[in-house]
Amino acid sequence: MPSKFYITTPIYYVNARPHIGHAYTTIACDAIARRQRMLGSDTFFLTGTDEHGQKIERSAAEAGITPQQLTDRIAGEFRGLWDRMNISYDDFIRTTEPRHKRGVQEMFRRIRDNGHIYKGSYSGQYCVFDELYVDATGAGAPCPECGRPTETVKEENYFFKLSAFEDTLLKLYTERPDFIRPETRRNEVMAFVRGGLRDLSISRTTIKWGIPVPDDPRHVIYVWLDALSNYCTAIGFGSPDKKDQQKFARYWPADVHMIGKEIVRFHCVYWPAFLMAAGLPLPKSIVAHGWLLFEESKMSKSRGNIVRAETVIDVLGNDALRYFLLREVVFGQDGSFSFDALVQRYNSDLANDLGNLASRTLAMITRYFRGEMPYPSSVVSRTPADDAIARTAEAAIASYASLWDDFQFSRALEAAWSLVAAVNKYIVDNEPWAVAEKDDEGSRARLATILYTAAEALRIVTALAHAAIPESTARIWEQLGLGDISRFRLTDLKWGQSQHGTKLGKVEPVFPRADKSAIERMQQMEQQRTTTQAAPIAPAATTGPSPTTPAMVTPAPAAPGPAAAAADGRISIDDFAKVEMRVGQVKAAEKVKGADKLLRLEVDIGTEVRQVVAGIAEAYAPESLIGRKVVLVVNLQPRKLRGLESNAMIVAASVGDKGLPVLAGFLEDVPVGARLK
Ligand SMILES: [Zn+2]
């Protein structure tokens with residue numbers, strides 16, 4: 001029987017619509033769950049919505065609908081978003097479901113029957129926002145947690161003997177250092193518990209929208225006891241059904257409760273105390289991530305700078321968002337989100353690094369080996385560089401696993417991408433396109449080894465990155481001719497598994513490069529949304545005139561005048577200024593049929609991709625140009641060559657008697673779209 005793995009997101013409170021912060025937590029869990037499935041674990045991934053409490057009751061009243069109508073609507077939005085994002089959850093629990101209600105009442109009964117609940121009365125200040133009794137005196141005194149005005153209440157409550165668990169909890173944190181992660185959160189929790197725990201009121205008589213206390217329905221159960229119990233009720237706790245009981249026995253305790261740092265206390269103090277009181281085993285670890293800031297400030301309703309995940313996935317796709325969040329944010333710490341950083345990361349790591357590795361490797365195997373994986377000789381035409389790539393790949397597999405298991409997603413992906421960088425360099429150094437020009441047997445064997453090495457490294461990166469970016473890696477896997485990636489077992493992954501003769505699938509680009517208009521589109525989408533929702537303050541980044549795209553059209557005919565050529569043939573600076581030259585990057589290249597000298601190129605110039613027909617085929621193999629930065633005159637009138645429209649001119653030196661072209665380039669790295677002047 002395979003080992004089980006049970007992971008949960010927090011259940012999201014339905015007083016707000018889903019935003020990118022929720023998506024971040026859910027993506028992290030999804031990636032962990034996917035990797036566990038690839039390792040062969042019997043994985044159960046739970047998410048859901050928290051739907052009770054006074055805040056919901058009041059929001060619904062303000063909106064003129066019933067609490068159930070409100071929660072149905074928002075829970076539907078969460079579920080709909082996860083489905084669009086291809087989140088691989090196994091179950092979605094709502095705390096208004098009968099199975100949850102039944103389980104929570106069973107939890108209450110067990111804790112009570114074990115002697116940890118007593119009836120008492122409370123009078124003091126209550127914070128509706130935090131659903132907490134707080135230490136504050138006087139009507140309207142500010143809540144020490146959130147600063148909002150508190151309400152004075154006096155009511156009879158059931159109390160949980162939390163104070164009795166102080167020593168047991170401290171012992172738990174000490175004996176199981178991995179129970180709370182990361183370390184900083186563990187230290188905070190320990191300090192909080194050492195400061196002393198007071199008994200916790202776990203029922204309310206002032207609220208109707210909740211689960212009634214068993215045998216005393218005037219009371220409803222405190223929202224946190226209700227909400228936290230979802231982790232058990234979703235997998236069958238409290239059900240009379242035998243199958244449900246077996247399911248609970250199989251998956252409980254949870255392996256990972258993933259949470260945001262703002263709910264650490266509830267999960268790390270109250271939840272284990274409730275479980276111990278009920279006589280249930282404790283989760284293996286509670287992992288708290290940091291906050292996602294928007295351009296360095298906390299996203300909040302009042303700032304109006306909450307970004308929706310939909311905006312990003314509509315424009316760049318699910319994997320772009322997933323990769324950015326997992327790669328850019330150091331897990332556990334606060335991370336910053338911005339559209340600029342997102343597009344930059346996407347273009348450099350996915351469109352350039354991985355995308356170019358895939359497209360040129362697969363294109364060359366298609367061209368030189370009729371789309372079949374070549375045979376790499378272990379002796380003939382072998383160089384130390386080939387073995388170095390194999391060693392780098394083995395090292396990447398090992399470090400990826402240990403970093404990922406330690407929740408260091410960013411560093412794990414960095415390890416995988418160090419292999420991508422090494423292979424891209426290997427391809428440039430070994431020039432397979434030049435080797436392919438030679439006809440002898442040794443060169444043919446050499447070419448086979450180079451392309452096998454590149455394809456094998458690509459396969460390994462694809463398998464490693466699948467949990468993080470599932471959609472694009474599934475496509476690369478198919479293009480490698482390997483079928484359905486979800487059937488691949490990561491435990492088997494090692495160098496040299498590609499089979500000679502494997503027929504590649506249909507090769508096509510997986511990561512189209514994002515241009516500047518992608519940022520503008522996302523900003524506009526967010527702006528429209530904030531306008532339609534009439535948020536009080538719109539974020540600076542999405543208001544005001546949006547930067548205009550530099551004009552890339554042919555300028556109007558120049559008026560005659562001082563710019564006319566002088567008698568000695570020199571031109572004025574104004575004449576030169578009419579020529580618009582920009583840095584472009586080659587995305588695709590192929591020979592033009594029936595024309596020995598011509599290549600058809602697709603060149604990204606920062607704002608768009610242009611088709612260019614250039615007479616450089618005698619000097620450059622098409623594959624050698626992919627990813628290369630070139631200089632283009634972008635404001636020439638289009639012209640047709642062999643029936644193909646050329647929409648720019650590539651700048652090259654003409655060398656020797658034959659006038660062989662040598663492309664202009666740069667010693668320093670220059671951004672695509674930069675103007676030469
Ligand atoms: Zn508060």
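User: Which residues do ring pairs link into a cluster?

Analyst: A pair of aromatic rings is described by the distance of the centres and the angle of the planes. In this structure, the cluster linked by ring pairs consists of Tyr6, Phe44, Tyr231, Phe237, Phe248, Tyr251, Trp252 and Trp271. The model is predicted: local features need pLDDT of at least 70 and side-chain atom pairs count only at pLDDT 80 or more, while totals for chains, interfaces and linings use all residues. Residues are numbered from 1 along each chain as its sequence is written, and side-chain values use heavy atoms, with hydrogens and water left out.

User: How many aromatic pairs does the rule give?

Analyst: Rings of Phe, Tyr and Trp (its six-membered ring) pair if their centres lie within 6.5 Å; planes under 30 degrees apart count as stacked, over 60 as edge-to-face and the rest as tilted. The count by this rule is 33 aromatic pairs. One of them joins phenylalanine 108 and tyrosine 158, with 5.8 Å from centre to centre and 90° between the planes, and it is edge-to-face. Phenylalanine 108 belongs to helix 4 (residues 98-113) and tyrosine 158 to strand 7 (residues 151-160), so this pair ties together parts that are 50 residues apart in sequence. Helices (H or I, at least four residues) and strands (E, at least two) are DSSP runs, numbered from the N terminus.

User: Are phenylalanine 108 and tyrosine 158 buried or exposed?

Analyst: Buried means under 20% relative accessible area, exposed over 50%, and partly exposed in between (1.4 Å probe, protein chains only). Both phenylalanine 108 and tyrosine 158 are buried. Another pair is formed by phenylalanine 407 and phenylalanine 409: the ring centres are 6.3 Å apart and the planes stand at 85°, so this pair is edge-to-face. Phenylalanine 407 is buried because its relative accessible area is 12%. Phenylalanine 409, with a relative accessible area of 1%, is buried as well.

User: Where does phenylalanine 407 lie?

Analyst: Phenylalanine 407 is in the loop between helix 14 (384-405) and helix 15 (409-430). Its phi is positive, about 60°, although the residue is not a glycine. Asparagine 86, which is not glycine either, has a positive phi near 60°. Asparagine 86 is placed in the loop between helix 3 (67-84) and strand 4 (91-94). It counts as partly exposed because its relative accessibility is 35%.

User: Which ring does the charged end of arginine 148 sit over?

Analyst: A charge sits over a ring if NZ of Lys or CZ of Arg is within 6 Å of the ring centre and within 35 degrees of the ring normal. For arginine 148 the ring is that of phenylalanine 129, with the charged end 3.5 Å from the centre. Lysine 261 has its charged end over the ring of tryptophan 291, 4.4 Å from the centre.

User: What are the protein donors of the zinc ion?

Analyst: Donors are N, O and S atoms within 2.8 Å of the metal (3.2 Å for Na, K and Ca); water is not among the atoms, so sites may look incomplete. Here Cys127 (SG), Asp130 (OD), Cys143 (SG) and Cys146 (SG) are the protein donors, lying 2.0 to 2.3 Å from the zinc ion. Along the chain, their spacing is C-x2-D-x12-C-x2-C. Cysteine 127 lies in strand 5 (residues 117-127) and cysteine 143 in the loop between strand 6 (132-134) and strand 7, so the two tie together parts that are 16 residues apart in sequence. Cysteine 127 and cysteine 143 are both buried.

User: What do the angles among the four donor atoms make the site of the zinc ion?

Analyst: Ideal angles at a metal are 109.5 degrees for four tetrahedral donors, and 90 or 180 degrees for six octahedral ones. Four donors count as tetrahedral if all angles lie between 85 and 135 degrees; four count as square planar and six as octahedral if opposite donors are over 155 degrees apart and all others between 65 and 115; anything else is irregular. The zinc site is tetrahedral, with angles of 100 to 115° among its four donor atoms.

User: Which residues does a cis peptide bond join, with omega about -5°?

Analyst: That bond joins arginine 181 and proline 182. Proline 182 is in the loop between strand 8 (180-181) and helix 6 (183-194). The bond from tryptophan 252 to proline 253 is also cis, with omega near 5°.
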